[in-house]
Amino acid sequence: MPVQYLNPEGLSRGTYSHTAVVTGGRTIHVSGQVAFDEHGRVAGATFEEQAERVFANLKLALGAAGAELRHVVKMNTYVRDLTGTRLKAFREIRARHFGAHQPASTLVGTPALVHEDLMLEVEVVAVVD
C-alpha cells in the first residue's frame, strides 16, 4: 500500500500513528458509521455491542469500495459521554479489529450524536493501490 506511517521521536506512543503519508492509490472516504442495522434501527444496548456493530458497518462500507480495515489511513471517532471505561472498551475492540495496524486517529468525546440511543460514531479514510 502506498502509505507510510510515522511516529516521530518527541511525540507520545499510543494505539495509533501520528502521521500517515499517502503517495498514491485510490482514496476512499467513509461517512461516519453508527450502530444502525440495515433497517435503520439502533443495534446494541451496550457500548461494546454498539462498537462491534460500528466496526461491522465500517467493514461493509469499505468492502463496497474494494477496501478493508487494513487500508484505513485516518480514523475519527466520536464517543457520547466519554468515560475511561468507554475509552478502554473502545481501544480493546478497535485493537481486535485492526490488529497491529495503527492508522492516524482522533477520538473526541461529545454530548450527543444523531440519535439519542447511539453511543459512538466512526468515520474513516482508506487508500488502496
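User: OK, so helices here are DSSP runs of at least four residues, H or I, strands are E runs of at least two, and both are numbered from the N terminus. With that settled, what follows α2?

Analyst: Gly99 does, and its phi is positive, near 65 degrees. Keep in mind that this is a predicted model.

User: Got it. How many residues does α2 have, and how far does it reach?

Analyst: Helix α2 covers residues 84-98, which makes 15 residues. From first C-alpha to last it reaches 21 Å, close to the 21 Å expected at 1.5 Å a residue.

User: Which residues of α2 are buried?

Analyst: That would be Arg86, Ala89, Phe90, Ile93, Arg94 and Phe98. They take up an arc of only 150 degrees around the axis, so they sit on the same side of α2.

User: Why do residues three or four places apart point the same way in a helix?

Analyst: An α-helix has 3.6 residues a turn, so residues at that spacing point the same way.

User: And which ones are exposed on the other side of α2?

Analyst: Gly84, Thr85, Lys88 and Arg96.

User: What covers the buried residues of α2?

Analyst: The cover includes helix α1 (47-64) plus the strands β4 (72-80), β5 (104-110) and β6 (120-128).

User: Switching to the sheet: in what order do the strands come?

Analyst: It's an open sheet of 4 strands, ordered β3-β6-β4-β5, with mixed pairing. β3 (26-33) and β5 are the edge strands, each pairing on one side only. On average, neighbouring strands are turned by 10 degrees against each other, ignoring direction.

User: Do β3 and β6 run parallel or antiparallel?

Analyst: Antiparallel, with 6 bridges joining them. In β6, Val124 is what stands opposite Val30.

User: Where do the helices go relative to the sheet?

Analyst: α1 lies across β3, β4 and β6, at about 30 degrees to β6. α2 packs on the sheet as well, touching β4, β5 and β6, and its direction makes about 150 degrees with that of β4.

User: New topic: what's the phi of Asp81?

Analyst: It's positive, about 50 degrees, although Asp81 is not a glycine. In general, most residues other than glycine have a negative phi.

User: Where is Asp81 found?

Analyst: In the loop between β4 and α2.

User: Why does Asp81 count as partly exposed?

Analyst: Because its relative accessibility is 44%, and partly exposed means between the buried cut-off, under 20%, and the exposed one, over 50%.

Key: Residues numbered from 1 in each chain as written. Predicted model: local features only at pLDDT ≥ 70, side-chain atom pairs only at ≥ 80, totals over all residues. Heavy atoms only, no water. Expected span 1.5 Å × (residues − 1). Buried < 20%, exposed > 50% of the residue type's maximum accessible area, 1.4 Å probe, protein only. Arc of directions from axis to C-beta. Contact = heavy atoms within 4.5 Å. Pairing = 2+ DSSP bridges. Axes fitted to C-alpha atoms, helices over the stretch in contact; angles between N-to-C directions.
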